[in-house]
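Visitor: Could you take me on a close look at a single part of this structure and tell me what surrounds it? I would enjoy one connected tour.

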Amino acid sequence: MKIIWFDFGGVLSPSIPDLFTSYYLKTGIPPAILQRGMKEVADDMNMGVLTPIEKALITEAEWGARIRQKIALSSPEIDLSRAQLEMFGAQWFDGILPNQLMIDLFHKVKAAGLMAGILTNNVVEWEDHWKRVIGISDLADAIVDSCKVGYRKPEAEIFDIAAKQAGVRPDECLLIDDMLENCMAAERSGWRSVHFKESSSVVAEIAQLLQKQEIAL
């Protein structure tokens, strides 16, 4: 193992449910209503929920405008006046703090002499926001972002791109991701993976794996 890849959303950031709750507190849009709006927009394009924006097939402004229309039609009782849906990323990430245990693990991986990368399904217009949240992007040995490479986890191509960008073999990569589907896809591409459920258990699992290589965190 030469490089450990960290997912952003749900690993380096708070959990996805926590992020939806935070957005609800800012805007008054219940998570289920917002998620349904996102899904309806994607359904119109015959794609997965976030595929259109995470592959940069639609702009943030257009995506947000379509979500606004969907919510207004399906849930007209919802007050959308506080929601800046057309500038979604700025409001979504406002006030968000990183998962400090995972940030610490990132630093420990680097200090142990391994490479640390970020492998994220993300959005063109959100780059400044998510990088500001974690504050470590300039320390990453490699960053592979779905909106820039045209593929997203769990598609096999993104794992091949990431390994090549880092200059390593697939079997020298390990992915930490909160989505089991992404972990399974990484393993099908010859990677190792750790399914993120809780920070301290992930730290312990990574320490145990590195101990086998006689590397101490």
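Guide: Happy to! Let's begin with a pairing: Gly117 has Ala142 in strand 3 as its bridge partner. This is a predicted model, where local features need pLDDT of at least 70, side-chain atom pairs count only at pLDDT 80 or more, and totals for chains, interfaces and linings use all residues. Residues are numbered from 1 along each chain as its sequence is written, and side-chain values use heavy atoms, without hydrogens and water.

Strand 2 covers residues 115–120, and five of its six residues are buried (under 20% relative accessible area, with exposed over 50% and partly exposed in between; 1.4 Å probe, protein chains only). Helices (H or I, at least four residues) and strands (E, at least two) are DSSP runs, numbered from the N terminus. Strands pair if DSSP finds at least two bridges between them. Strand 2 runs parallel to strand 3 (residues 142–145), with four bridges. Strand 1 (residues 3–6) is also parallel to strand 2, again through four bridges, and here Ile4 sits opposite Ala116. Together with helix 8 (residues 127–134), strands 2 and 3 build a right-handed β-α-β unit: with the strands pointing away from the viewer, the path from the first strand over the helix to the second runs clockwise.

Lys153 is buried at 2% relative accessible area, and Asp7 is buried at 6%.
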